[in-house]
Amino acid sequence: MIKIILAEDHNVVRNGIRSLLDKEEDIQVIAEAINGKMALQLLKDGNIPDIILADINMPEMGGMEMVMQISQSHPKIKVIMLSMLDHEKYIMQAFKAGATGYILKNVNAIELVFAIRHVCTSNEKYICNELSLRLLEKLMHTPDNSFEVEVEDLDITKREVEVLALIAEGYTNQEIADKLFTSKRTIEGNRQMLIEKTGTRNTAALIRYAILNNIIS
């Protein structure tokens, strides 16, 4: 059971999210808070969740200040930020403060639940699909001289190209593993090997490199 504390000052939004999560058999909202101070008090009172879903803007104490304190006092608790702010500077601030996920409030129920499960069962950070695509689009149109590896020097296998194409389509490691009839660990290894071979910094840069160099279309 994934235990959740829901920190959101707008009753309608909070009730709506709880209603969605209450439908999931493996997710339980154990407490609610209307600001960061109340969420921290819930922790002091012994309400220890796996994840805190927190609005980035709340009265008295917002999600940003709250996550900084939680990352110090309860480092095992993961915090997913809920926000209407879609600028990359807020995303970076949230992750630097200690957040594990960043989701826009307009995401659908399927992605919200997926994000919760993904963050809970992995050590990976999560950005909602809309923001990921927007950041990727911006990255693809940003001049970058960091790609020093020549395409002809790369030894990319047919399977790695298949994995790369599925990554670019937005599939998770587990979904790719299922499609290619292999293990999630193998796909994770393929992804890391591709990053190392291309000399890129992360998955978004890897996809951009592959598209610009016609490895995938």
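Predicted model: local features only at pLDDT ≥ 70, side-chain atom pairs only at ≥ 80, totals over all residues.

Asn202 caps the N-terminal end of helix H10, with a side-chain oxygen 3.3 Å from the backbone nitrogen of Ala204.

Next, select H10 itself, residues 203–212. Its buried residues are Ala205, Leu206, Ile207, Arg208, Tyr209 and Ala210. Show H6, H7 and H9 as well: these helices are included in what covers the buried residues of H10. Past the helix, pick Asn214, which follows H10 and has a positive phi, near 60°.

Now turn to the largest pocket, with a volume of about 1,400 Å³. It is lined by 35 residues, and those closest to its centre are Lys125, Ile127, Ser132, Arg191 and Thr203. To see where the lining comes from, colour H5 (109–121), S6 (126–127), H6 (129–140), H7 (158–168), H8 (173–179), H9 (184–198) and H10 (203–212); each supplies at least two residues. H6 gives the largest share of the lining, seven residues. Coloured by type, the lining residues divide into 14 nonpolar, 11 polar and 10 charged.

Last stop: the cysteines. How many disulfides does a search of the whole structure find? The search finds zero. Select Cys120, which is in no disulfide; its nearest cysteine sulfur, that of Cys128, is 19 Å away. A disulfide would need the two sulfur atoms within 2.5 Å. Cys120 is partly exposed, with a relative accessible area of 25%, whereas Cys128 is buried, at 0% relative accessibility.

Methods: Residues numbered from 1 in each chain as written. Heavy atoms only, no water. 1 Å grid on protein atoms, 1.4 Å probe; cavity = no way out; pocket = protein on both sides within 12 Å on 5 of 7 lines; lining within 4 Å. Points joined across faces, edges and corners; volume = space filled by probe spheres on them. Helix = DSSP H or I, 4+ residues; strand = E, 2+ residues; numbered from the N terminus. Nonpolar A, V, L, I, M, F, W, Y, C, P; charged D, E, K, R; others polar. Buried < 20%, exposed > 50% of the residue type's maximum accessible area, 1.4 Å probe, protein only. Contact = heavy atoms within 4.5 Å. Polar contact = N/O pair within 3.5 Å; in protein donor to acceptor, adjacent residues only side chain to side chain.
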